[in-house]
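Subject: Structure handover

Hello,

Here is the structure you wanted to look through. My notes follow below it.

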Amino acid sequence: AAEEVDEEAAALAQMLAAYRGVWVFVEQTEGEPARVSWELMGVGAQLAQSLQTELCAVVIGENVEHLCHEAFAHGASKAYLLDQPVFRHYRTEAYLEACCTLIGTYQPEIVLMGATGMGRDLAGAVATRVKTGLTADCTGLDVDDRRNLRQTRPAFGGNIMATIMCDRFRPQMATVRPHVMPLPERQAGATGEIVREEVALAEADILTKVLEIIRDKKAGEVDIAGAEFIVSGGRGMMAKENFGMLQELADELGGVVGASRSAVDAGWMPHERQVGQTGKTVRPKIYIACGISGAIQHLVGMQDSDLVIAINRDREAPIFDVATYGIVGDLFQIVPAITQRLRDL
Ligand code: FAD
């Protein structure tokens, strides 16, 4: 019986050893890359280094070869390119076929995608098809000494951090939220190998047709996820009109206004401004929290900011635990005073 167990373990080890390489799916829309893809290159490079393997980009689309070069500039040494008209728009069936063909042929050890609408859709479909596990919305990734990917993510409403492993299956797959991982430095002119592949897939094979693309971002709408300075308001703002005061401060800093879920639920700010577990993850240079208590679900969305300034009249508020600078007092006096001081500079 012991021999049988040994044989089984040896067969498993052999199967796992056939898989090599860390892959990052380069998400794009009409040739425009999603920033999260490059963020994944940064963490992908660390994993590849620990595993002594290569970092590869997966580029799927039409007329997207330029993204391979962009991937090299962000640390990839190889790019698998599927450039066909059928991949012009993202459609689950087409991209699933493309990813699974590549995975079947080249057997990557790890596959990473952004936890965006596209990444969440595709990663789940791919993991199901190739019969492996998937950890969604990871905030930390590293590997143990047996080449297993340790995938960390918040669980139970953010109250605990769970570490998840998928040690008997390959590839190991994870999605990572945008703005959680730092962007690696861009190395202009870096080169790599482009591996061109083609998938026999006709338009008629795909049931979904894209008729029209309607952008959800209206002109002038702000993207808090990419902002360098954010002034956020919570329930302590008391009313929608009071957010004008935060906008004035944000304007002085060249930043944008964010909000806690309570402020969004009260109808004071639109949902796209919400910071936190069910909103956006942000990583600005300065995050100013005004009248926000600092519930864990809010903290997971902003605690990696370079500098946090909290203004709250309750000195016991948990927001002060993550604040670089804390101001205990009435925000209705403090915020205008800071804005005025900046104007006077
Ligand atoms: P409160 O907790 O009510 O805090 C208001 C603060 O304002 C208090 O600390 C008070 O001292 C201070 N204050 C009041 N008046 C003044 C004044 N004049 N001057 C200075 N300070 C003042 N929350 C999020 O933010 N983002 C999320 O994505 C999110 N997702 C969630 C997901 C789940 C599954 C769950 C269960 C909850 C989620 N929440 C989220 C809600 C979260 O638990 C908190 O309820 C919420 O963050 C509280 O918002 P708040 O800090 O604005 O309000």
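Predicted model: local features only at pLDDT ≥ 70, side-chain atom pairs only at ≥ 80, totals over all residues.

Start at aspartate 344, which counts as exposed because its relative accessibility is 54%. The classes are: buried under 20% relative accessible area, exposed over 50%, and partly exposed in between (1.4 Å probe, protein chains only). Accessible areas come from the Shrake-Rupley method with that 1.4 Å probe, and for residues only the protein chains shown count as cover. Aspartate 344 belongs to helix 10.

Residues are numbered from 1 along each chain as its sequence is written, and side-chain values use heavy atoms, with hydrogens and water left out.

Overall picture

The protein has ten helices and 17 strands. These are DSSP runs numbered from the N terminus (helices: H or I, at least four residues; strands: E, at least two). The C-alpha trace spans about 70 × 55 × 40 Å along its principal axes. Of the 345 residues, 48% are buried.

The ligand

Where does the ligand sit? It is in the second largest pocket. A pocket here is an open set of points on a 1 Å grid over the protein atoms alone, with protein on both sides within 12 Å along at least five of seven lines. A molecule sits in one if more than half of its atoms lie within 2 Å of its grid points. Helix 7 (261–265), helix 8 (296–299) and helix 10 (331–344) are the elements that each give two or more residues to the shell around the ligand.

The ligand is surrounded by 25 residues, and the closest are Arg235, Ser260, Thr278, Ser293 and Asn312. The cut-off is a heavy atom within 4 Å. By class, the shell holds 15 polar, five nonpolar and five charged residues. Asp, Glu, Lys and Arg count as charged; Ala, Val, Leu, Ile, Met, Phe, Trp, Tyr, Cys and Pro as nonpolar; the others, Gly among them, as polar.

Look at the backbone too. Polar contacts are pairs of N or O atoms within 3.5 Å. A polar backbone atom of glutamine 277 is 3.0 Å from a ligand oxygen. For glycine 291, a polar backbone atom is 3.1 Å from an oxygen of the ligand. A ligand nitrogen lies 3.1 Å from a backbone N or O atom of arginine 313. The ligand alone exposes 990 Å², and the protein buries 78% of that.

Backbone details

- Glutamate 30 is not a glycine, yet has a positive phi of about 50°. It lies in the loop between strand 2 (28–29) and strand 3 (32–33). Glutamate 30 counts as partly exposed, because its relative accessibility is 47%.
- Arginine 147, also not a glycine, has a positive phi of about 65°. Its loop runs between strand 8 (140–143) and strand 9 (149–155). With a relative accessible area of 23%, arginine 147 is partly exposed.
- Arginine 170 and proline 171 are joined by a cis peptide bond, with omega about -10°. Proline 171 is in the loop between strand 10 (160–164) and strand 11 (172–176).
- Helix 3 (residues 65–73) has Leu67, Cys68, Ala71, Phe72 and Ala73 buried. Just after helix 3, glycine 75 has a positive phi of about 115°.

Best wishes

Definitions and conventions: Polar contact = N/O pair within 3.5 Å; in protein donor to acceptor, adjacent residues only side chain to side chain. 1 Å grid on protein atoms, 1.4 Å probe; cavity = no way out; pocket = protein on both sides within 12 Å on 5 of 7 lines; lining within 4 Å.
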